[in-house]
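Please look over the model below before reading on. The briefing comes after it.

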Amino acid sequence: KRPIVAVFDTGLTGCLLIRPFWDILQKYLGDNGGDVQDIKSVSLALNETEMRKRNGGAKTCNIASSLEDNRRFYVQPIDLDWFDDENYSPYVIVLGQAFLSQGSLTIDMDDRIATFN
């Protein structure tokens, strides 16, 4: 069991999944008659960080995108070398403009908190 971390990337249009997560989805979908290449939508419920929860402001942000809603939507794998131990690293989902276009991302550099409305 690993955490899943969402990363917003303003220079990206679609959605990228870290390779180990992509491989798990490929196996799951393959075992059930599907393929990750057939993914036409992604829907996520993002929870705020532990620091924000401790300060009493924990919220859930629901965000989604699909090929039907945004012609720039796609899902592809990405190989990241961000972590020393691939067996315990979080699964990373990188969300691009197909998701960001639904709201506004605000980053408070002093409190080191980002919010998406």
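The points below cover a sheet, a helix, a loop residue and a surface patch.

This is a predicted model. Its four-strand open sheet runs in the order S1-S6-S2-S5. Helix H1 lies across these strands: S1, S2, S5 and S6.

**Sheet**
- The pairing in the sheet is mixed.
- Strand S1 (4-8) and strand S5 (75-78) are the edge strands, and each pairs on one side only.
- From one strand to the next, the twist averages 25°.
- Strand S2 (residues 15-18) pairs with strand S6 (residues 91-95) in the antiparallel sense, over three bridges.
- Leu-17 has Ile-93 in S6 as its bridge partner.

**Helix over the sheet**
- Helix H1 spans residues 19-31.
- Helix H1 runs at about 95° to S2.

**Loop residue Ser-89**
- Ser-89 sits in the loop between S5 and S6.
- Ser-89 counts as buried because its relative accessibility is 4%, and the cut-off for buried is under 20%.
- Beyond its neighbours within four places in sequence, Ser-89 contacts Arg-2 and Phe-83.

**Surface patch**
- Leu-105, Ile-107 and Met-109 make up a nonpolar patch on the surface.
- Together, Leu-105, Ile-107 and Met-109 have about 320 Å² of accessible area.
- Leu-105 belongs to strand S7, which covers residues 105-108.
- Leu-105 has 33% relative accessibility, so Leu-105 counts as partly exposed. That class lies between the cut-offs for buried (under 20%) and exposed (over 50%).

Terms used: Residues are numbered from 1 along each chain as its sequence is written. This is a predicted model: local features need pLDDT of at least 70, side-chain atom pairs count only at pLDDT 80 or more; totals for chains, interfaces and linings use all residues. Side-chain values use heavy atoms; hydrogens and water are left out. Patches are made of residues with over 30% relative accessible area and no salt bridge: like charges are joined within 9 Å, nonpolar side chains (Val, Leu, Ile, Met, Phe, Trp, Tyr) within 5 Å. Accessible areas come from the Shrake-Rupley method with a 1.4 Å probe; for residues, only the protein chains shown count as cover. A salt bridge is a side-chain nitrogen of Lys or Arg within 4 Å of a carboxyl oxygen of Asp or Glu. Helices (H or I, at least four residues) and strands (E, at least two) are DSSP runs, numbered from the N terminus. Buried means under 20% relative accessible area, exposed over 50%, partly exposed in between (1.4 Å probe, protein chains only). Two strands pair if DSSP finds at least two bridges between them. Axes are lines fitted to C-alpha atoms, for helices over the stretch in contact, and angles run from 0 to 180 degrees between N-to-C directions. Contact means heavy atoms within 4.5 Å.
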